[in-house]
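Here is my notebook page for today.

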Amino acid sequence: RSRLPALLDRHRPAIVVIELGGNDGLRGGSLAATRENLGVMTAATKSAGAKPLLVGMKLPPNYGPAYTREFEAQRAPLVPFFFAGFGEDRDWFQPDGIHPSELAQPKLLDNVWPALERLLPPRKR
C-alpha cells in the first residue's frame, strides 16, 4: 500500500487490480487492518483517476468458521472469488498447492474479464 501512490503517479493506469490475496488471511492477522488497507488502496486508486477492480479470495476451512466468515465478508464486490470454478481441484495448482498453474490461467481470465469489461470505456465502432 505504501508504494501505490508513487506507482499510480508514475504509470497513470486507467484500471488498478487490487487482489485480496490468500496471504492476507493465511497469516492470521488483523482483518480490520486488511479491511483498512483495501479501503486506502481503493481510495488512492480513485483519487488518481483510475478505476479499482477488486478481486477476492477464500481461506481454507482450517482457520475456523468465525475467522473464515469474517475474511470472506471482506471479499470485493466485483470478483468475489478469483479461483471460482477450480479452487478446490488440486490439478489446477502448482506443486505448492497454493498458486494456480498455467492450466488455470484461462479460468482466472474468465473469472476477472466480466468485471474488467464493465470498467473499460465503451468501444468505438
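**Entry 1: Leu120.** I looked up Leu120 and found it in the segment that follows α5 (105–119). I kept in mind that this is a predicted model. Is Leu120 buried, partly exposed or exposed? Its relative accessible area is 34%, so I wrote down partly exposed; buried would mean under 20%, and exposed over 50%.

**Entry 2: Pro100.** I then moved to Pro100, which sits in the loop between α4 (65–73) and α5. Its relative accessibility is 14%, so Pro100 counts as buried, the limit being under 20%. I also asked how many Å separate the C-alpha atoms of Pro100 and Trp113. The answer is 17 Å, for two residues that are 13 residues apart along the chain.

**Entry 3: the largest pocket.** Last, I went looking for empty space. Rolling a probe the size of a water molecule over the atoms shows where such space is left. The largest pocket holds about 650 Å³. I noted 24 residues lining this pocket, and those closest to its centre are Met57, Lys58, Pro60, Phe83 and Ile98. Which helix gives the largest share of the lining? Helix α2 (residues 22–26) does, with three residues. I sorted the lining by type as well: 13 residues are nonpolar, seven are polar and four are charged.

Conventions: Residues numbered from 1 in each chain as written. Predicted model: local features only at pLDDT ≥ 70, side-chain atom pairs only at ≥ 80, totals over all residues. Heavy atoms only, no water. 1 Å grid on protein atoms, 1.4 Å probe; cavity = no way out; pocket = protein on both sides within 12 Å on 5 of 7 lines; lining within 4 Å. Points joined across faces, edges and corners; volume = space filled by probe spheres on them. Helix = DSSP H or I, 4+ residues; strand = E, 2+ residues; numbered from the N terminus. Nonpolar A, V, L, I, M, F, W, Y, C, P; charged D, E, K, R; others polar. Buried < 20%, exposed > 50% of the residue type's maximum accessible area, 1.4 Å probe, protein only.
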